[in-house]
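Hello,

Here is the structure I promised to pass on. Please open it and keep it beside you as you read the notes below.

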Amino acid sequence: MISKRLEDAINAQINAEMWSAYLYLSMSAYCQDAGYPGIANWFAIQFKEEQDHATIFFNYLQSRGGRVVLKAIEAVETEWASPLAAFEHTLQHEQKVTSLINNLMTIAIEEKDYAAQSRLQWFVDEQVEEEENATDLIQKLRMVEGNGYGMYQIDQELAARVYKQASPLATAE
């Protein structure tokens, strides 16, 4: 059985993950409209991954006897000055998500919910990767700023990214 405090926090995280998905879908649309289909692909895959994260939390909460309560998803931005600005926003957003995941872990520790701690460890590790990926792409985009061929190369690189379902879905109860 899951505590009410952790149940409420996971419900909030489900909403945050769905908001993140919506944000990345918006970034994908922006990049597609701006003529960067490869970068749009990268954000479209992020959209799917965030949906996976919400589903993992959803399934976990139900498996522990908690009640899922879905709430409205707030509007997201739809315009950025450039792909670089979108990735800078991505990094800021992922840093915020990291703090949310860390807060969930703190609650799980305080509630002595070892099962939740075990599941949350995957998300802690995932956030390290998310921040690292955003930082790497920001650095690449800054290196080629103003260079059309460089942007083309990055766009082509990101077009090759393929969606891989988040691993905890395979073991979700």
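Glu49 is buried, with a relative accessible area of 13%. Buried means under 20% relative accessible area, exposed means over 50%, and partly exposed is in between (1.4 Å probe, protein chains only). Glu49 sits in helix 2. Helices (H or I, at least four residues) and strands (E, at least two) are DSSP runs, numbered from the N terminus. Leaving aside neighbours within four places in sequence, Glu49 is in contact with Glu126, Glu130, Arg161 and Tyr163. Contact means heavy atoms within 4.5 Å.

A word on the source. This is a predicted model: local features need pLDDT of at least 70, side-chain atom pairs count only at pLDDT 80 or more, and totals for chains, interfaces and linings use all residues. Residues are numbered from 1 along each chain as its sequence is written, and side-chain values use heavy atoms, with hydrogens and water left out.

Ile45 is also found in helix 2. Ile45 is buried, at a relative accessible area of 4%. Setting aside neighbours within four places in sequence, Ile45 is in contact with Arg161, Val162 and Tyr163. Phe58 is 13 residues from Ile45 along the chain, and their C-alpha atoms are separated by 20 Å.

Now the pockets. On a 1 Å grid over the protein atoms alone, a pocket is an open set of points where a 1.4 Å probe fits, with protein on both sides within 12 Å along at least five of seven lines; lining residues have an atom within 4 Å of a point. Grid points are joined across faces, edges and corners, and a volume is the space filled by probe spheres set on the points.

The largest pocket holds about 260 Å³ of space. Its lining has 16 residues, and Glu49, Glu129, Arg161, Val162 and Lys164 lie nearest its centre. Helix 2 (37-63) and helix 4 (114-143) are the elements that give two or more residues to this lining. Helix 4 gives the most, with five residues. By class, the lining has five nonpolar, five polar and six charged residues. Ala, Val, Leu, Ile, Met, Phe, Trp, Tyr, Cys and Pro count as nonpolar, Asp, Glu, Lys and Arg as charged, and the others, Gly among them, as polar.

The second largest pocket holds about 180 Å³. Among its lining residues are Asn15, Trp19, Glu74, His93 and Lys96. Helix 1 (4-33) and helix 3 (83-110) are the elements that give two or more residues there. This lining has five nonpolar, three polar and two charged residues.

Lys112 lies between helix 3 and helix 4. Its phi is near 55°, a positive value in a residue other than glycine. Lys112 is exposed, with a relative accessible area of 60%.

Last, the whole chain. There are six helices and zero strands. The radius of gyration, taken over C-alpha atoms, is 17 Å, close to the 16 Å that the globule rule gives for 173 residues, so the chain is as compact as a globular protein of that length. The globule rule is 2.2 Å times the number of residues to the power 0.38. The C-alpha trace spans about 55 × 25 × 25 Å along its principal axes. Buried residues make up 46% of the 173 residues.

Best wishes
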